[in-house]
Amino acid sequence: MNLSAIITALGGRSALQQLLDVGPSAISNYMTRGHLPNRVKPIIYAALTAKGYRVSADDLEILAAPSKLPTSDMATNLGPRILLIISGGIAAYRALETARQLQKRGARVTGVMTESAKQFITPLSLAALTGEKCYDHLFSLTDEAEMGHIQLARSADLVLVVPATANFIARANAGIADDLATTILLATRAKVVMAPAMNPAMWAHPATKNNFATLTQRGVHMVGPERGDTACGEEGEGRMCEPSYIADVAMKMVGAISNNHLSGNIDGKKKQAGPLIGKRVIITSGPTIEPIDKVRFIANRSSGKQGHAIATALASRGASVTLVSGPVNEAPPGHVNLVPVTTAAEMLSACTNAIAGKPTDIAICAAAVSDWRVTSVESKKLKKPRDSNAKLLLELRQNPDILSNLSNNKNRPKLVIGFAAETENLFENATAKRYHKGCDWMIANQVGGDDDPVFGSTTNKVLLITELGVETWPKMLKTELAEKLADRIEAEFYK
Ligand code: C5P
């Protein structure tokens, strides 16, 4: 600790006296002894970080002088600057661990807290951890000595909201800007990532689902929530993802953003920057629905969660993604070209059209395509006969196999990936499917278990079968699986 440097930084001896509420002799004593009483250390630490100094929490060593306007210039090799917004839920305490994980990965973290977040953690604890001032008040930023909220918003390479409560998600969706955190969301040009965390009933509420869907559509990248014990003590979907995972996603998103100079236009749409720039991808997702008559249909339980997560992961790495999806409740991911379809026949023609125009690099068939369709669909609602013993026989025909079709197409994408959902003999059946359908990789998952149904669930446990053999992947979130698959695809194209 260099006490003279601290005194200068705080504006002189009398400023330090005032701060500590002591007389001049106390300061002289500190100078003579060369150390400070423990009681005053947190006060000095808070005052220095509030002035923008980076200070070591252990020995109050000044590590860096304040810069009035932190830059987002990652070319300076200082690491990406992440604006960490903490909203007020019980999971707020896990934001501290998220900050630590981000720093471990080389990010500089600036904290912003909502009023209600301060009910759970203090700005001082975040400032102590990040070594940066934690901003918590809109109007303090109008002070000359501070940076304005617009500058703060623009200084970030990424805005990360941890946790994003139901209330915060609702305010962000509505565009309300009544505090510093929501104002930053409106003013920033950086990518926004949110990690929702809330009680399962709040997460299941249609209002929350709508807000979440709209934000996703606008390009906000959502991490979780996942199923498990929530901080409020209930079990269900709504638990915040692990801080280390959130930090991984954030760093990946920043990686994509750092390549911004590469961005341009694909198909007239703004393309996302990233390592898969220029790669054209087609993904099928969700179920197909095959009509029986005017009102009835054959369908399955596919939620589209996995296919949509893969689309999100690849688009965020810069790929130009066409997502051909059957009817699902999932929000369409941002920055993908969504082609909604209903039947297998429609899905096939959307896929063949997509690969006909331009060479496609990757096809991923994650859809649960109905194997059968009714031979002749009734144009009216089928009437129930009066005779209660009467039977109805439906004649079914096989649907085209889209994965086989893409694998054997003259415009075959370079890498074709299928999913095999099996109830038994997972490896054998999936290996046979890979061979018969002619795809390069097959991702196999066991379905139908009572404890984890996979369909509709947020987690998945799979085998990846390639020409080189089989890899067993541990149980993970579908969003994590999407990222892991995206890593494998990147490695395949840049090996
Ligand atoms: O249903 P099945 O187990 O055969 O599905 C394995 C893979 O084949 C999945 O990737 C699925 O999307 C694809 N598939 C398809 N068209 C079908 C049936 C399955 O593309 N008609």
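Helices here are DSSP runs of H or I with at least four residues, strands are E runs of at least two, and both are numbered from the N terminus. This is a predicted model: local features need pLDDT of at least 70, side-chain atom pairs count only at pLDDT 80 or more, and totals for chains, interfaces and linings use all residues. Residues are numbered from 1 along each chain as its sequence is written, and side-chain values use heavy atoms, with hydrogens and water left out.

1. Proline 243 belongs to helix α12, residues 243–258. Proline 243 is buried, at 5% relative accessibility. Buried means under 20% relative accessible area, exposed over 50%, and partly exposed in between (1.4 Å probe, protein chains only). Proline 163 is 80 residues away from proline 243 along the chain, yet their C-alpha atoms are separated by 10.0 Å. Proline 163 is part of strand β5, residues 158–164.

2. Cis peptide bonds. Most peptide bonds are trans. The bond joining valine 162 and proline 163 is cis, with omega about -10 degrees. Another cis bond runs from glycine 224 to proline 225, with omega near 5 degrees. Proline 225 sits in the loop between β7 (221–222) and β8 (226–229).

3. Positive phi. Most residues other than glycine have a negative phi. Leucine 60 has a positive phi, near 60 degrees. Its place is the loop between β1 (54–55) and β2 (62–64). Leucine 60 is also buried, at 3% relative accessibility. Asparagine 425 has a positive phi too, of about 40 degrees. Asparagine 425 lies in the loop between β20 and α16.

4. The ligand shell. Which residues are around the ligand? They are Cys365, Ala367, Val369, Asp371, Pro400, Asp401, Ile402, Leu403, Gly418, Phe419, Lys433 and Lys437. A residue counts as near if one of its heavy atoms lies within 4 Å of the molecule or strand in question. By class, the shell has 7 nonpolar, 1 polar and 4 charged residues. In this scheme Ala, Val, Leu, Ile, Met, Phe, Trp, Tyr, Cys and Pro are nonpolar, Asp, Glu, Lys and Arg are charged, and the others, Gly among them, are polar.

5. Backbone atoms at the ligand. A backbone N or O atom of proline 400 is 2.8 Å from a ligand nitrogen atom. For isoleucine 402, a backbone N or O atom lies 2.9 Å from a nitrogen atom of the ligand. Phenylalanine 419 places a polar backbone atom 2.8 Å from an oxygen atom of the ligand. The ligand taken alone exposes 440 Å², and the protein buries 89% of that. Such areas come from the Shrake-Rupley method with a 1.4 Å probe. Elements giving two or more residues to the shell are α15 (402–407), β20 (415–422) and α16 (426–437).

6. The aromatic pair. The structure holds 1 aromatic pair. Tryptophan 203 and phenylalanine 212 form it edge-to-face, 4.9 Å centre to centre and with 85 degrees between the planes. Rings of Phe, Tyr and Trp (its six-membered ring) pair if their centres lie within 6.5 Å; planes under 30 degrees apart are stacked, over 60 edge-to-face, and the rest tilted. Tryptophan 203 is buried at 5% relative accessible area. Phenylalanine 212 is buried as well, at 17%.

7. Charges over rings. The charged end of lysine 133 sits over the ring of tyrosine 135, 5.3 Å from its centre. Arginine 488 has its charged end over the ring of tryptophan 441, 5.4 Å from the centre. The test asks for NZ of Lys or CZ of Arg within 6 Å of the ring centre and within 35 degrees of the ring normal.

Definitions and conventions
A polar contact is a pair of N or O atoms within 3.5 Å; within protein, one must be able to donate a hydrogen and the other to accept it, and residues adjacent in sequence count only if both atoms are side-chain atoms.
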